[in-house]
Structures are given as C-alpha cells and as structure tokens.
Amino acid sequence: MPLERTVLPAPSGSVSSVMLSIMTSVEAAPIEPERSELAPGGIVVENVARSFGEVHAVRDASFVATPGTVTGLIGPNGSGKTTLMLMLASLLQPDAGSIRIAGHDPVTETAAVRSQLGWMPDVLGSWPTLSVRDTLSYTARMYAMDKAAAAARASELIALVDLTELADSPTRVLSRGQKQRLSLARALVHDPSVLLLDEPASGLDPVARGHLRTLVRRLASEGKTLLVSSHVLSELDEMADGAVYLSKGVTASAEALARSRATARPWRIRSSDVVALRAALVAEGIEEAAIATDRTELLVALEGEAAASTLLARLVGAGIAISTFAPAVGDLEHAFIDLSSEESK
Amino acid sequence: MSAFFAGVGVILSLELRQRVRTTSWYILLGVFVALILMVTVLLSFALNGFGTDDNGAAGVYSTVIYFVLLLGTLVAPALSGNAINGDRDAGTLATTQVTLITTGQLIVGKFLSAWITALAFLVAAIPFLVYAAIAGRLPASTIVVSIVVLALELGVVAAVGVGLSGLMSRPLFSIVVTYLVVAALSIGTIIAFTLGGLALQTTATQTSSYALEYDSAGAPTACSAPEEYEYQTPRFDLFWGALAANPYVILADAVPTAYDSNDQPTDLFGYFKLSTRMAQIPQDAGYSYGECVVGESEQYPDAPSARSVIESTTPSWAVGLAIHLVLAGALLAGAWARTKTPAAKLSRGSRIA
C-alpha cells in the first residue's frame, strides 16, 4: 500500500493496529505479555479520528502500547499529537474508532480509566497560591484518598521528583523545570498503570533529564505502560522502546517505517587524517560529491546497518585511523525526517 | 451520595483555600465593612430627625440589608464569574478533570465556594444588622426572612457567575455578562416593568353626567346627557412578573409585614411590598359618574387598605425567587453540559487543556 494520504475519508480497516518498533536499545522489548482478552492492559488505539468542525486533527490513528514498555509519540507540530493525547486522557471523545486504556473505554468507563491513568499535560498549570505539598495532597484527595494517605503520598512524591527544598513554597515561585517535575509527580499520585507524558523533558536541565530517563525506565520495568510525546528525539531515543509516528493525523504504517529504516542515512566518520579518509572513501566507490564535510568530520550516506559495518571494516582494514563512526542522526530523528519529507512530497 | 459530597468537599476546600489566601480579598472585605459602618452611622443620624424612635432604626435595618444586597451582588460576579474558564486558562481545569472528580462535583464545589465567599460579606455586616434590628425593635421574622432571602440571592448571583464561566470560554467576557445579568435583574426589570406598562395602554371610558337643576334639598333633579370621555391607562398589571424578578422586590416582598392600627405597614420593606403588589391589580377599565344616580357621585371606590391589597395579591417573591432559582439552575446545568468530559463538542477557539 503506497503511503499516500491525500484525501479523506481515512482508509477504514486497511491500517491494522501496529506497534511501530524502531528498536533503539538492547534493553528494549521486555517480555511482551500475551495480549490475551483476559489481560488487555496498556493502550490500544484503533482507527481513531477526531475533527473540530472543518479541521481534521486526527484522521486515522492506530497503535498499541503494551505494559512494561515506553512508546514515543512523535510527529511534526500540528500533526494531532495533543488531540490524540487528550482523547487518551479521557478528556475528548473520539468521533470514530476505539480506545482502550488498561482495558477500559474512556468514553463509557471514564472512572475506571481515570483510576488507572496518569496524565502529564504540556500546559503547566498549577494552583499558584498552594504549596507543592498541598498541590499533591489535594490531587491525591481528588482520587478519593483520605487526608492522611494523601499527605503521605505527597511526601513520597516530593522526594521522588526531588522538590524537597521547595515542598512548602507556593507553586508560583517554581521555575519551568520545577513545575515540570511537579506535574510529573501529580500524574503519579494514584500510582497509575498507564502514563501519558506530554513533553516531559522540556525545561529540564541535564541532571533532571537524567533523572527523568531513569524514572521512566523504572516505571516501565514495574510493568506500567508509558506513552511519551516529545520533540527532543535524541532523548526519546534513549528512553523509548518503540515509537508511533503521527503525521497530519494519521499514524505511519509499518511498511512506511520499514522503508524509512532502509533508506540511506548519513553516517558521521571522524579521523585524525581527513585527507586519507576522503581518499579511502572515494576508493570504496563513494562519489567525491556525495561526501559532506562537517568541521573535522565527513558525512556519507549509507543504506542500512550492514552497509555501514562493511564500510567500517574496510576503512579499518585500509589502515585509516577512525575515532568516530556513528549515525549522524538518531533512529527516531531519521524516521521523523524521512517520513516528514515523504509526507510533503 | 456521601462519596459525591466528599469530592465536592475537596473542591470546596481547594477553592476556599486559594481565595482566602489572597490579601486582596481581605482588603475588599475591609472596604465593605467601612462602607456599611458609614452608611449605618449616617442613616442613624439622618433618620433620628424624623422623631419616631423605632421607625428610624427600622429604616436603618432595611437600608443596611439593601446595601449588603447591593454590594454583595456587585462583588459576587467578580468572585464567581471566572470559576471555570479561569481554571481552563490557568491550565488547572483539565488536570482536575482527569482525576476521579466528576463534572458535577466540580461545578457544585465551585458554586458553593463562590456562594460561601459572597456570604462572608453578609456575615461581616451582621454586627450592623444586629444593632439596627435591636434599635428598631424588629420582629424576629423580619430578621430571619430578610437574611435568608439575602443569602439565597447571593447564591443565585454566585450560581449565575459559575454557570456563565462554564458556558463561555473567556473569563473577562463571562464576568461582564454576569454583571449584565445582575444589572438586568436589578435595573432591567424596573425598566421593563415601566416601559411595558406604559407601552401597552388600554382605553378606559369615563361617562359623566352633571346635575343641571337641584331641588330645594339640594338633590339634583335634572342632569346633562352623559358625556363619554376616553383615556389611556397603563397596564402595569400585565408586567408585574418583570418586577417580581427584581432581587430588591423579592427581598421586600418576602419579609412578613407588620401593620399598624390603620392597616398600614410599619417598615420600609412593607411600603415597597405594597407598591409592588398594587401593580398586580388591573386599573379600572372606566367608570361612570352620574350626579343624578343615587350614590354614584360617591362612585370613586375607596382605596383598599394596605393590608387588603397585600393579602389579596399573589406573593410575588415566590414567583421571583422561583424565576431566579430556575435561572441559576439552568445556567449551572448548562455549565455542566459544556464542561463534561470526555467532551463531544468544543466551542470555537476553546482549548480543553
């Protein structure tokens, strides 16, 4: 099926629900639980569509995120990510298609979904005059916890997201990154099994990002399902097991992603002797014009991992001193750019 | 049911906590108390001049109650008119809605919070009301009924504000519209009543026949041919419903009236009540005046006593209060429908998060 999404209506039923796995790291893909009818956890989205009047924000989104994994949600600005997130968060009804969060339908079993769902929105709203501690304990009480349990949970979360020093300050004095951490803590208040994180890393310093990554991986290892939307693809690369690519309201098909993985992508090669490296590359049959120079490094387009391994072996064999040999862009970024450019054709 | 109110309690406590922590709210309350103090002192001096020691203070009481109603209805829209869309702007509405708090709990909690905040103004005025009530030797029924109705009216304004804040997407707009609703009820009803009554006039006919000759006893023996004279009379009786929806009228009308020996009301509320109740009585569609007809020269009917007017007419406060409660309930229900999640429809340009 060619990847052409020119007209509505969305192709019904032709896009099967696929979990796109642009596998990034070895740690990925934990024991995938059998998706039986009995234990249908995680997120299952099938042919979901939603429009606002004339604007078709989401046309045909389908994917599965299984418990114990971190799934990235990527796509250009205005591709419908936030609308999809809002539907998953039980705030917006889909016009068509079905959603299952931890086995429940957000439209008909809203309370069941909400008790299993943590949502960290991209808008950082907080009650400005309340302290960090009160914000969390009020949120806990909104999940029907009693006052004592709520206070205990608030203390736990404050330690978890490292806001201990600011626990009794009003939230309006928090910086963006601190608010981000508060927002994450709020999403975790009721220990949900499914987490939707919308741009969780924006505004965080490198140390806090490291903490976030560790926390996200830990939550996944506890068997939770995480869907993370982010623009910082390199970062998503580090924490996600797979990704859902959304463009113009349509999730990319498995074929499109497979094709994207096979397309040529730039590799970055660094050597102390650039001249010799260039000569060796030409000798390998790469056209002089196809070799780009980026400061002291050379960039060449290679199709697939196999081609890269072969080239590296031959360069080393030819006695070239190689200090760096790596993809110039991360896997997700490559898919993102490739699919975006395919889209615009 | 108790689970529902537990959720309402969380929202209520959260809302009150946020409001009570702001200094501006205390300043507002302070200004309010200072104004009431001034009004009470000045009125006590002014009404003392009339000599009647009790009516003066009864007047003070009525005026202070009206003053609390005036200021309360001026402050309540600002306190309630951005309850829901303000949260949406601040990004705290959606994070509440993804919790187990239902839309009903959210709206009821916000309404109660706005109401309680407005009631704080009534509570702050209580010392002055107690003073005026004691000085005016008012019956307990007057005090209880007036305070209850005042509290209900503040609740209506709070509900209108919360309701509109759920129906409209921009906080500034919903606050202004809440003020317009208050203005429509307080002033608009009077304008509608007056203009409506004057515009819909009916023609009444007066037939007059004057005596031409008299006998020795001075009784008329021959009269002129009856002259017909047509004139327009306003139909205020068709529009009393408009006046009934006025919060000031509701307040005056609800208070049980005490009468003096001439069946006239003894306090200010009673006189307001009398004048609005009279509007319910249709004007005579005409009358005839014939000096030769025995007794017709005394045809002008006696003005009925205040007591009989009040007792024979519909208690309009019940009608008015019912209108207000329906309005408040409808707006809250509308806000509920508009705020409900998962949302099926979004108003143009509004963002759910």
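These legends go with close-up views of two places where parts of a predicted model meet. Residues are numbered from 1 along each chain as its sequence is written, and chains are lettered from A in the order in which they are written. Local features need pLDDT of at least 70 and side-chain atom pairs count only at pLDDT 80 or more, while totals for chains, interfaces and linings use all residues; side-chain values use heavy atoms, with hydrogens and water left out.

**View 1. Chain A meets chain B.** Here 32 residues of chain A are in contact with 27 residues of chain B (contact means heavy atoms within 4.5 Å). About 2,800 Å² is buried between the two chains, and carbon and sulfur atoms give 64% of that area. Buried area is the accessible area (1.4 Å probe) that two parts lose on being put together, summed over both. Look for Leu91(A), Tyr138(A) and Met142(A): together they supply 25% of what chain A buries against chain B, more than any other three residues.

**View 2. A salt bridge between the chains.** The interface of chain A and chain B has one salt bridge (a side-chain nitrogen of Lys or Arg within 4 Å of a carboxyl oxygen of Asp or Glu). Its partners are Arg17(B) and Asp134(A), at 2.7 Å from N to O.

View 3. Strand E1 (43–52), helix H1 (81–88), helix H2 (110–116) and helix H3 (132–142) of chain A each give two or more residues to the side that touches chain B. Helices (H or I, at least four residues) and strands (E, at least two) are DSSP runs, numbered from the N terminus. H3(A) gives the most, with five residues.

**View 4. Two domains of chain B.** Domain 1 covers 2–192 + 317–339 and domain 2 covers 202–312; such bounds come from an automatic or database domain assignment. Their centres, taken over C-alpha atoms, are 39 Å apart. The contact takes 29 residues from domain 1 of chain B and 22 residues from domain 2 of chain B.

View 5. Between domain 1 and domain 2 of chain B about 2,200 Å² is buried, with 73% from carbon and sulfur atoms. Tyr66(B), Thr189(B) and Trp317(B) supply 29% of the area that domain 1 buries against domain 2, more than any other three residues.
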